[in-house]
Amino acid sequence: MDDITFNRFENFVSEVTDFKEEFRKIKANDAVSFELKEDETPVTQIDYLIEKSIRESIFETFPSHSIVGEEYPDTLQKSSFKWIIDPVDGTFSLTRGVPLYGILLGLLNNNTPLYGSVRFPLLQKLICGDGQVAYENGNTLRCDNSISLEQSLILTTDENRINSSKYKSSWERLNDLVSSRRTWGDCYGYYLVCNGKAQVMFDIDLKPCDILPLVPIIKGAGCEIIELEKPYRDIIVCTKSLKEEILECF
């Protein structure tokens, strides 16, 4: 069957992103060996193992669907459906023993994000969204629109990257307006905005695998996505109540 409902998507990702045995030996303080890819970013054997397994499951269940992943060549079909895989979003965290990494799996329809999921293996959390609603372990996930910019927590993945970019001055202006900033980034940063623990996540130089599986979750949790450079390359994710104030900094 070519078509897929959100319920079927949830059941599928719940099964194919469950790598308990692979992560059982990894404790929160364990570092993992890695090698550097051509772009100088780390990759581990776990990245390869997860993506290979998910690809095989997609091909077996949805043979007409295209597959785009972080570590292997694209498999393109004629179907309007395309799966996006980031086997470990936050590989740098994984290699340093920081448990804030996740497995991203999303589904596009005509290149538009339709459904998305992120599983945090060591935190025992599975989040899914369809752009209208988002769920964490089956419970509704919503951002918090009641917090002012002055009280907000702002997040990013790599502050040095921003300080070396055209957004340096805007980033400084924005940080002058908030109470706290941290670098709990990658998919975990977006999750914190979606569950109301943070209010702003700013990220740049994103690849499709980094963000497209998260878009239906972000929107489903009621958050706003500001695209500073399209499509979803340089973005700010925030609560809707803060959008206009944030844009004044850019």
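In what order do the 5 strands of the open sheet with mixed pairing stand? The legends below, which describe a predicted model, begin with this sheet.

**View 1. The open sheet of 5 strands.** The order of the strands is E11-E10-E12-E14-E13, and their pairing is mixed. Strand E11 (180-182) and strand E13 (223-229) stand at the edges, where each has a single partner strand, so one side of each is left without a neighbour in the sheet. On average, and with direction ignored, neighbouring strands of this sheet are turned by 15 degrees against each other.

**View 2. The pairing of E13 with E14 and the loop between them.** Strand E14 (residues 234-239) pairs with E13 in the antiparallel sense, over 6 bridges, and within this pairing glutamate 227 stands opposite isoleucine 235 in E14. The loop between E13 and E14 holds proline 231, which is joined to lysine 230 by a cis peptide bond with an omega of about -10 degrees.

**View 3. The open sheet of 7 strands.** This sheet, also of mixed pairing, has the order E3-E4-E5-E6-E7-E8-E9, and its edge strands are strand E3 (66-69) and E9, each of which pairs on one side only. Strand E4 (residues 81-89) and strand E5 (residues 102-109) run antiparallel and are joined by 7 bridges; in E5, leucine 107 is the bridge partner of tryptophan 83.

View 4. The side chains of glutamate 70 and lysine 37 meet in a salt bridge, with a distance of 3.4 Å from N to O. Because glutamate 70 lies in the loop between E3 and E4, whereas lysine 37 lies in the loop between E1 and E2, the pair ties together parts that are 33 residues apart in sequence. With a cut-off of 4 Å between a side-chain nitrogen of Lys or Arg and a carboxyl oxygen of Asp or Glu, the count comes to 15 salt bridges.

**View 5. Glutamate 40 and its backbone.** Glutamate 40 lies in the loop between strand E1 (35-36) and strand E2 (42-43). Although glutamate 40 is not a glycine, its phi is positive, at about 70 degrees.

**View 6. A patch of negative charge on the surface.** Glu150, Glu244, Glu245 and Glu248 gather in this surface patch of negative charge. One of them, glutamate 150, lies in the loop between strand E9 (139-140) and strand E10 (153-156).

Technical notes:
Residues are numbered from 1 along each chain as its sequence is written. This is a predicted model: local features need pLDDT of at least 70, side-chain atom pairs count only at pLDDT 80 or more; totals for chains, interfaces and linings use all residues. Side-chain values use heavy atoms; hydrogens and water are left out. Patches are made of residues with over 30% relative accessible area and no salt bridge: like charges are joined within 9 Å, nonpolar side chains (Val, Leu, Ile, Met, Phe, Trp, Tyr) within 5 Å. Accessible areas come from the Shrake-Rupley method with a 1.4 Å probe; for residues, only the protein chains shown count as cover. Lys and Arg count as positive and Asp and Glu as negative; His and the chain ends are not counted. The place of a charge is taken as NZ of Lys, CZ of Arg, CG of Asp or CD of Glu. Helices (H or I, at least four residues) and strands (E, at least two) are DSSP runs, numbered from the N terminus. Two strands pair if DSSP finds at least two bridges between them. Axes are lines fitted to C-alpha atoms, for helices over the stretch in contact, and angles run from 0 to 180 degrees between N-to-C directions.
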